[in-house]
Amino acid sequence: MTIEKLVQNFANASGIIVDHTLQPPRVLGQAFIVSKSRLVTCAGAIFNYTEAPWALSVNFCHPGVVLGVKSIALHPEFDRKEARQNYLAQTAISKYSYPVQFNDLATMVMQSEVKEPLPEEVMQLHKALTIPFSRDGVEVSGPVKEGELIEVVKKLLASKRQGLLTLYDELNIPLAYIQLTAGIIERVYFQGVVGEMAFAELIYRQSAKGFAFQPNYSFAWGEIRKIEMPAQDLMSESIRRAHELSGILNQLGGPRACYQRVVKDFSVESFNQNVQWLVSNLWRSIDGYMTVDQLSERVGADTYTMAQGLRELANHGVVSLINKTNPFHLSGQLGTPIISHTDFDINPGDALKAFYLDPLSGAPCWQDGDFGGVASVLQPKNLLHSIPLYLRIPGALILKNYRLIGVHNGPVQLKAGQSADRQIFQMIWIGALFDMGTKKLRTTTDSGEEGDESQPVAGAKLTGLRVRGAEEEVKVATEKLEKYVCPICFAANAQLGNCFNCGAVIEYVPEETKPEGFFINKIPVKLISDLQTKYKLSDRKVFIILGAFAVLLLIIIISSSQSPPKPVHVATPVNNKNAEQAVKLAVNSVGFKGIVPPGYWFEDTMNITNPLPSFGIYSDSSNQKVIFVLFNDMSPVQALDRFTQIPPFSDVVATSEPAKKVYEGSQVIGEGAFRYYVYNYTTASNTSKTMLIGSFPAKESGKGILVLGQTLNPGNFDFKSTLFLVDAMAEPLTNAANQKKLEGVNGHIPGSAPESTNIAPSTATAPTETKSPTELTPPIHVPGVNPSDNTLATEEEVSKYCEVLQEKLQKRVQQSSELQDVIKKRKTEKLKIVLDVDLSKDGQLRKLEIAEPDQVQKVNDTLVKIVKSSSPYENVPRTEGNVLSLRIILNKSGQLKVELQ
């Protein structure tokens, strides 16, 4: 297996664990698939969530799949009490810096959907995750709302106090330090950035949720230099940078844009001496996956300085923007489970490799090191290695000869007398998974040692995550926490008065007594019970009102039966969403799909472009307003430059300076191309506006389409969302063009379906990418049950279908030179691959999984390719649920078998 294929397999089976209840979602570690439903990671990363697995999700960024977590199981010998104490005691500025422990292993059971938790569940979880706030030496503290950090700093500077200002995140974990001295901002640290750039990044990011000021307290700053700029100038410059950043990022392609290296090496001396350090760090950080918005955290500079350096690299032609919306392949198919190897002999000094996904960008990464022996004689499954994994990535794969032998935990703290010549890291042997069998875990959980809170108990409250004293104290504290919650920062307080965290006043709010009544308790009727509660009506008054209403209704019925009223014609209100005229124009004249992506709608824009016919596709969530104007000639396609000077049907005005071009590009649509430009214009109100102007041939011959993309509401314009929209809507045009090209390549192949059948080759393979005869093979024609027949197929008909399909697929296996070569070479060796396939009633592949892979990846890929290229399958028998589940088996003799699952 090539190294590229190995990297792809590992990347498709590895995911990043995040807590999606926090904003932005917080990365906790990494996990990898070991079976169809189980993931393996470190217990130290997720032990806080054993009773709240719904708070976690696993992002498999390469295949583009996000899965929820159904349950969590920790290693039975993992000390959860110690882990909890380490977590609550952390005071370091780096997130989750608590030490590693022995038996740091856990498994998670996946589920397809990510559960949306209730607000009270999230609040309870966050209370359990919050670090206790220490008021030692703190003179003033409180919450920091968005945009208020500058005001906090100004007030402290005005008081001429000297001390340390510490900023916290929503879980009370320190994220930044600011040293103040007599009205001067002396030193700043934030996310690995120091000095003036750190303060500018703080103002731009607005990450702080709370603050605390300790007078006459100095942090251990080491050799970090002092800031020479006056405090007022520093704050003004930081605010200016934050305001200008949005425009600079748009010029670079937007915050989510990715860049790639164009050359293998370049000379740093060709740049200005002041930015040589920056462009050198930027060059090393650019990997094709890291977005522009993420680079600052890796480079060690604020986003504004980083953006300037990235623009310099692009101007020198050293890097270039990747012209696609996402760097990952997004196949939607998870990788095959990673096989564990426990029969390895490993000795100190043996070479090891680590594979992991970059926690910022998701890029696949390798690191080399060697084996360092056993961590403890009493703990032989806890091993040491020297692979320099300095990032917070618990759950990385540790490999020997590219085979999985361990799970990375984290750095080991040096003990007294140990040599500090190199950093040592800990991993746990993958064989420790044998200690986590289902039966053993269930027995341990049910028995539960007395006083041990490490075992998850069904129905336990999340507040049990906190380590407390006696059971009675836990109950009393829990009751008070539920009563005295701060209305400002939601911190739990043990008594009324000022909040210990933000200082807000907590007042006693009496509990509302639950009303009682006939329509509330005995026969609940929501409408009546709501009115009864709102106006405090007794049951007697409600019955009187209902009686009067019944008499009035009877009188109306009697009077209406004597002379029926004349029918009244009520005008139906016009709904502007998905205007019918716009849909017809998009489908019939342009060739678009009649259904827009979620969050978008068709808009009738004839009043804007009259007399030219047009339609729009709008979206509030994506802030998109895209207008498609139909011309009776090809002028938009042949002379697109004329429309970019002053775009028609917009509020753009001509100025003395020409509009500034941000980006230009082209992508395939149908038999032609969609060319587009992105410009920054000036509007009639003297404001800056970004627009996309593009064109492509219409479905009707001789006509062209002009595309005008802009924001629907005030805000930043993401032109990549417009490109995605055009590409998605023009899918019928592109599919039809691909089919024509494939027919031109294939010609007529014996056994192919007649032209009258509705068979289209798979759109996933473009003609320019065809590399083997298998990919050009037409779909299989199988005689059988008519899919239009509403009756369910009998067992005999399904069996007959499997026999015919087996015969057809067997012929394609025999025609595959790749498979036949492997079969000839491995007559005596084991060769078997089993595929699980689901076919819909229209013959499309609903599911394709490798249930039992062969040890040679080439065999797996070739058989999967044959099954995929044969889609869509004709005359699929109708079954319950309209899905036919089949199992396809290929053995060592090359015989293929198709049977019902």
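Guide: Contact here means heavy atoms within 4.5 Å, and the model itself is predicted. By that criterion, and leaving aside residues up to four places away in sequence, leucine 310 touches Leu252, Tyr259, Leu282, Ile286, Val292, Leu295 and Val319. Leu310 is also one of the residues that touch the most other members of the largest nonpolar core, which has 88 residues. A second, separate core has 62 residues, including Phe32 and Leu399.

Visitor: Why is cysteine 258 called buried?

Guide: Buried means under 20% relative accessible area, and cysteine 258 has 5%, so the label applies. Cysteine 802, with a relative accessible area of 6%, is buried as well.

Visitor: How many disulfides does a search of the whole structure find?

Guide: The search finds 0 disulfides; a pair of cysteine sulfur atoms within 2.5 Å would be needed for one.

Visitor: Why is isoleucine 557 called partly exposed?

Guide: The label covers values between 20% and 50%, and isoleucine 557 has a relative accessible area of 49%, so it is partly exposed. This residue is in helix α15, residues 539–562, and together with Phe549 and Leu553 it makes a nonpolar surface patch of about 310 Å².

How values were computed: Residues numbered from 1 in each chain as written. Predicted model: local features only at pLDDT ≥ 70, side-chain atom pairs only at ≥ 80, totals over all residues. Heavy atoms only, no water. Patch = residues over 30% accessible without salt bridge, like charges linked within 9 Å, V, L, I, M, F, W, Y side chains within 5 Å. Areas by Shrake-Rupley, 256 points an atom, 1.4 Å probe, with all protein chains shown as cover. Salt bridge = Lys/Arg side-chain N within 4 Å of Asp/Glu carboxyl O. Helix = DSSP H or I, 4+ residues; strand = E, 2+ residues; numbered from the N terminus. Buried < 20%, exposed > 50% of the residue type's maximum accessible area, 1.4 Å probe, protein only. Core = buried A, V, L, I, M, F, W, Y, C linked by side-chain atoms within 4.5 Å.
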